[in-house]
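Thank you all for coming; I would like to take a few minutes to walk through one model with you.

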Protein chains: 2
Amino acid sequence: MITSIITLPKIQNRLNDVERLMAAQSEGYEAALRDAFNILLSTGGKRIRPTIILLIGSMLGAEPDLTIILAASIELLHTATLVHDDLIDGALLRRGVPTLNSKWTPAATVLTGDFMFSCAAHLVAQTKSNEIVTIFSKTLLTIVNGEINQLFSSKCNLERSDYYRRIYSKTASLFETSSTTAAILGNVPHKEKESLHQFGYNLGMAFQIVDDVLDYVGSEESIGKPVGGDLRQGLITAPLLFYLENHPNDPDLAGFMDRNCPKDENKLAQIVEKIAYSDAIQQSLDESAKFADQAKKDLSAFDESPEKTALLEIADFIVNRKL
Amino acid sequence: MITSIITLPKIQNRLNDVERLMAAQSEGYEAALRDAFNILLSTGGKRIRPTIILLIGSMLGAEPDLTIILAASIELLHTATLVHDDLIDGALLRRGVPTLNSKWTPAATVLTGDFMFSCAAHLVAQTKSNEIVTIFSKTLLTIVNGEINQLFSSKCNLERSDYYRRIYSKTASLFETSSTTAAILGNVPHKEKESLHQFGYNLGMAFQIVDDVLDYVGSEESIGKPVGGDLRQGLITAPLLFYLENHPNDPDLAGFMDRNCPKDENKLAQIVEKIAYSDAIQQSLDESAKFADQAKKDLSAFDESPEKTALLEIADFIVNRKL
């Protein structure tokens, strides 16, 4: 996907280096851990965060080796949070393959996640930038705090601001960190760093809204996990938010507003379908497109370059993927 | 305990600052998280790692605020590993109080541990020393890898070297990191740093061997958890190692050499008592004393000072505690 829009062999080569560097982190450790580590990496995902880091780093003339280390660190941090996430949600599938926790004990899953966190921290220290290490640790706090909030709030919150806060913690914070830390390696003045910070933020928000749309309109094959997962967990995301704004008194939804209330699977499927065929989907996509457009504007101060073109393409890709 | 041997008001005050700094990390976060955080901190333990850091820092004239930040970071890292540890072992008590996982879901326990890791990482970044951040992340890798090895090895290993490797990962590595990072803040030459590195290593080894002895000879009240826990988990520690060296063919122990084999509680209690009244206990304590003596020798190059005296007293305290 992303790979098809990037025609920069330099970036492709560096992405391969990122893969190798990530895989190398488990070398010399327990065989079972190495296997889990390699499976988690090989089922991979789009490597969108490393791609952003490498593109920004290259656009700004940052030291390539440092951008590769940073990209590997951020992607491992991301993967580690997914491992603990799946354990917490009891998810059985991610990206179409069984999750670690569906096959392993909670103990082994927790430790594999911890190990990935440790690898990420170890790599980020190798950037030798105290500013980057500080941002990295702050982002980890933001992500974990977001998950804790989600875990402890039994009541569904219907405020759009609450939804935005949640997707910031979950996704946009690490996109923002990716672009900002790459800017730091590129040694740009404060104003440009701030623009790239905003670029990452807006890209991450756009990305997560589309993810949340796909949870309603995707197929199990395309999203790699059962549809309606958010609603099943009582999580209110963009499609449901807009649907409720349009139909505040829909009686079908009454039982779905308590997160601890068990959900009837047939009724859930009906509601998912109802929302999937409603205006709420286009409204959500429009919202995502606004963030993506803003992300593109955040790059306006930078000179034209193949890297900038690719970054703009990523913003388009994010809004249009898999629909 | 440790507090009684330290008559340095300066260090006492800084230890109080460490407590405050640790507690402050959860301010502004989810109420349930803050409660868990505060309970974990208030049931506290001996704060031996922060004490070592503050004493070495003060002995070397390091910037006090940085030693306080470092001490809080290392103690939070230690506490975080205990939270995940207890979850993994299914432990119900630690230091005489119910563990987090005995009251909370695995999800909440995992996330609280993750949050503490994040706080520790965030604090260590504030030391602004890349060398310290690197050592910190390496130590986290060592600790987690040690736990993974323990989790995946179903066979009991009767080699003394294996036991030493295990207690190094589990305990001595963080003691070593405490003394080494304090030495870095003190800006000492390589040779002194190496001596303090060895001091931490030897102190940590001595500490864990005594801990393992207490698991046989302590009372549930004094150790704050049921005795015989290691044997119950099929973990071979110093007392059992020495006992087996003295009685290689004791038929009672045959069923205890497979970690996955369920243990009969009556038989377990008998074996624990048999070992507790055997020579293996004194042999283990002698082994611990050897490490503690070496730790004291590691300080010989440093001028006399109240801090050095306190560090020497800690070495004695570690060997003689609660017996």
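How many residues does helix 14 of chain B have, and how far does that helix reach from its first C-alpha to its last? Before I answer, let me say that this is a predicted model, and that every value I quote is computed from it. Helix 14 of chain B, residues 265-276, has 12 residues and reaches 16 Å, close to the 16 Å expected at 1.5 Å a residue.

Staying with that helix, its buried residues are I271(B), V272(B) and I275(B), and because they cover an arc of only 100° around the axis, they lie on the same side of helix 14 of chain B.

K128(B) has a positive phi of about 60° although it is not a glycine, and with 14 C-beta neighbours inside 10 Å it counts as partly exposed. N187(B), in the loop between helix 9 (160-185) and helix 10 of chain B, likewise is not a glycine and has a positive phi, here about 55°; with 12 C-beta neighbours inside 10 Å, N187(B) counts as exposed.

Let me turn now to chain A as a whole. Chain A contains 16 helices and 2 strands, and of its 323 residues 50% count as buried. Among the contacts in chain A with a separation of 6 or more, 76% are between residues 24 or more positions apart. One example of a buried position is T181(A), which sits in helix 9 (residues 160-185) of chain A and has 32 C-beta neighbours inside 10 Å. Leaving aside residues up to four places away in sequence, T181(A) touches L70(A), I132(A) and I135(A).

The largest nonpolar core has 194 residues, and those with the most contacts inside it are A120, A206 and I318 of chain A and A120, A206 and I318 of chain B. I318(A), again leaving aside residues up to four places away in sequence, touches L203(A), A206(A), F207(A), V210(A) and A292(A).

Finally, how do the two chains relate? Chain A can be laid on chain B with an RMSD of 0.0 Å by a turn of 180° and a shift of 0.0 Å along the axis, so the two copies are related as by a two-fold rotation axis. At the interface, 35 residues of chain A are in contact with 35 residues of chain B. Helix 8 of chain A gives the most to the side of chain A that touches chain B, with 14 residues, and the residues of that side divide into 22 nonpolar, 8 polar and 5 charged. Because 100% of the interface residues of chain A are also interface residues in chain B, the copies meet through the same surface.

Conventions:
Residues are numbered from 1 along each chain as its sequence is written. Chains are lettered from A and ligands numbered from 1 in the order in which they are written. This is a predicted model: local features need pLDDT of at least 70, side-chain atom pairs count only at pLDDT 80 or more; totals for chains, interfaces and linings use all residues. Copies are superposed by least squares on the C-alpha atoms of residues with pLDDT of at least 70 in both. Two residues are in contact if their C-beta atoms, placed from the backbone, lie within 7 Å. A nonpolar core is a set of buried Ala, Val, Leu, Ile, Met, Phe, Trp, Tyr and Cys residues joined through C-beta atoms within 7 Å. A residue is buried if 20 or more other C-beta atoms lie within 10 Å of its own, exposed if 12 or fewer, and partly exposed in between; C-beta atoms are placed from the backbone. Helices (H or I, at least four residues) and strands (E, at least two) are DSSP runs, numbered from the N terminus. Ala, Val, Leu, Ile, Met, Phe, Trp, Tyr, Cys and Pro count as nonpolar, Asp, Glu, Lys and Arg as charged, and the others, Gly among them, as polar. The expected span of a helix is 1.5 Å times one less than its number of residues. The arc is that of the directions from the helix axis to the C-beta atoms.
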